[in-house]
Amino acid sequence: MSAKPRKTPEQLRSHKWYGVSDLRSFGHRSRTAQMGYHRSDYAGKPVIAILNTWSDINPCHSHFRQRAEEIKRGIWQAGGFPVEMPALSLSEPFQKPTTMLYRNLLAMEAEELLRSYPADGCVLMGGCDKTTPALVMGALSMNLPTIFVPAGPMLRGDYKGKYLGSGSDTWKYWAELRAGNITDADWRDVEDGIARSPGHCMTMGTASTMTSATEAMGLTLPGAASIPAPDSRHAQMATLSGKRIVDMVWEDLCIGDIVDARAIHNAVTTVLALGGSTNAIVHLIATARRAGVALDLERFDALARQTPVLANIRPSGKYLMEDFYYAGGLRAMLANLADLLDTTARTVNGRTLGENIAGAETYNDDVIRPRANPLVANDGLAVLHGNLAPDGAVIKPAAMEPHLQRHTGPAVVFRDYNDMAARIDDPALVVDKDSVLVLQSAGPQGAPGLPEWGQLPIPQKLLKEGVRDMVRISDARMSGTSYGACVLHVAPESHIGGPLALVRDGDLIELDIPGRKLTLKVDDAEMARRRAAWTAPKPHFTRGFGTLYLKHVTQANEGCDFDFLEAGGAAPDPEIH
């Protein structure tokens with residue numbers, strides 16, 4: 001793509017607010033003076049919106065107050081005018097029923113903040129799972145010069161001399177507690193040591209998966225996504241991002257110039273090579289559609305068949321993000337993967353992805369594996385189809401016990417999460433290690449919000465027998481830090497009458513990952529009888545954002561975006577009156 005002519009001050013979008021001689025511009029300038037700024041601070045300079053998702057209830061972003069100041073420092077130094085704007089803080093550990101319910105709300109807010117205020121460019125500050133795709137989706141729909149500053153992973157956890165990984169070791173030790181293998185005091189020690197610094201999960205959960213995908217898409221400075229949040233180089237990256245966004249405005253290098261089919265291909269391939277979160281499928285489909293790029297489940301599956309898993313990071317592997325950074329970080333892994341990427345793709349620093357990863361070295365080839373010794377040869381993710389999932393379902397083979405990749409067993413059905421929670425540890429529950437646990441009403445509309453309920457707990461009586469994995473099927477998501485033989489995102493979901501709603505206790509279900517099949521062994525006539533008897537449940541919401549969500553959210557295989565937001569160009573700028 002040829003470079004655009006450099007903008008003049010009169011061509012800045014903010015000029016319509018600040019640079020003309022009329023009554024409205026008088027108001028804009030006088031109110032800016034009210035905040036202590038002199039006209040020389042902003043006149044003829046790019047106005048840079050900093051969308052900050054900090055809040056007191058988001059531990060992943062607890063350092064963002066300081067990072068915002070460091071971004072501002074870079075903007076000032078480069079001759080821009082920084083304007084920090086708070087945006088909805090989606091806190092994965094706290095928000096109920098799930099942050100996924102509100103991802104599209106943040107995407108809408110990001111788009112409208114950038115449209116309604118005098119922003120010439122923007123810095124997006126995110127990291128906690130849904131903030132990254134939400135901010136990118138909103139920015140794509142607005143299409144200004146954009147750079148992303150990732151929150152960075154927290155430090156490794158600590159428990160009795162062992163490293164802990166957030167999420168992954170939570171599930172591990174919770175199972176051991178329920179099995180009676182550790183004490184309540186041990187569990188409290190895990191609780192106190194598993195999260196001990198600012199930053200998002202340091203496993204290859206959804207946060208690290210999506211920030212890495214965003215870097216692979218070209219939206220961060222090279223190497224930005226891997227830096228641990230407390231590392232001083234993270235603060236330096238924030239300042240350098242502030243400097244760079246000012247130049248991007250003058251160059252008129254917009255997010256739409258960067259996120260094209262090549263960028264989406266690179267993001268998907270990177271997720272697969274990382275052994276990344278299954279949640280990335282939903283988020284990247286939504287992101288691609290905002291960019292006008294075709295992406296579906298079949299594309300993920302096709303790329304998974306040829307992409308090796310090179311990152312030896314939990315939950316699929318051994319190490320944590322801190323180890324990954326010190327081993328060379330994302331640049332080193334992408335250099336090992338270069339022939340599977342489109343290295344001609346453009347990035348925010350004006351160079352190609354190939355130029356950005358040239359010369360990157362790996363310092364520990366057990367953490368970042370060479371192509372000759374991958375963690376897994378292929379199939380970091382797999383897409384399944386069959387009469388139980390006509391529109392697809394997904395699973396993460398690298399994070400499950402291999403003997404379950406081909407499995408047939410009788411269903412144990414839970415109507416919803418509350419039913420599962422009430423009965424899963426009941427000694428009278430008819431279940432054994434070969435059973436297939438099925439959770440209904442956990443999809444986009446059913447839960448509502450497609451929560452991370454897909455890693456159904458192993459029944460306590462089986463844990464005590466030593467069982468640590470079994471086939472589990474739902475229309476939910478699961479945390480990227482989770483593991484196990486969990487079939488997820490079954491579409492269409494049970495709440496709208498998908499076949500998952502028709503499963504009964506004792507039905508045989510066949511999982512065949514090599515064959516990419518998910519089959520309910522019930523004949524068509526019986527399925528028709530069950531469907532005729534099925535009644536649609538009542539909607540969860542009758543007011544507020546929830547009603548908008550239920551009316552317009554798409555299914556998991558379509559990205560769970562709102563149908564009126566997922567495509568089309570940016571709306572025109574508001575008239576200035």
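Trainee: Where is Pro444 found?
Mentor: This is a predicted model, where local features need pLDDT of at least 70, side-chain atom pairs count only at pLDDT 80 or more, and totals for chains, interfaces and linings use all residues. Residues are numbered from 1 along each chain as its sequence is written, and side-chain values use heavy atoms, without hydrogens and water. Helices (H or I, at least four residues) and strands (E, at least two) are DSSP runs, numbered from the N terminus. Pro444 is found in the loop between strand S10 (436-439) and helix H19 (460-463).

Trainee: Is Pro444 buried or exposed?
Mentor: Buried means under 20% relative accessible area, exposed over 50%, partly exposed in between (1.4 Å probe, protein chains only). Pro444 has a relative accessible area of 1%, so Pro444 is buried.

Trainee: Which residues of helix H8 (residues 184-193) are buried?
Mentor: The exposed Asp184, Glu191 and Asp192 sit on the face turned away from the buried side of H8. The buried residues of H8 are Asp186, Trp187, Val190 and Gly193.

Trainee: Why are they on the same side of H8?
Mentor: The arc is taken over the directions from the helix axis to the C-beta atoms. They lie on the same side of H8 because they cover an arc of only 135° around the axis.

Trainee: At what angle do H5 (residues 100-116) and H13 (residues 279-290) pack?
Mentor: Axes are lines fitted to C-alpha atoms, for helices over the stretch in contact (heavy atoms within 4.5 Å). Angles run from 0 to 180 degrees between N-to-C directions. The axes of H5 and H13 are 13 Å apart, and the angle is about 25°.
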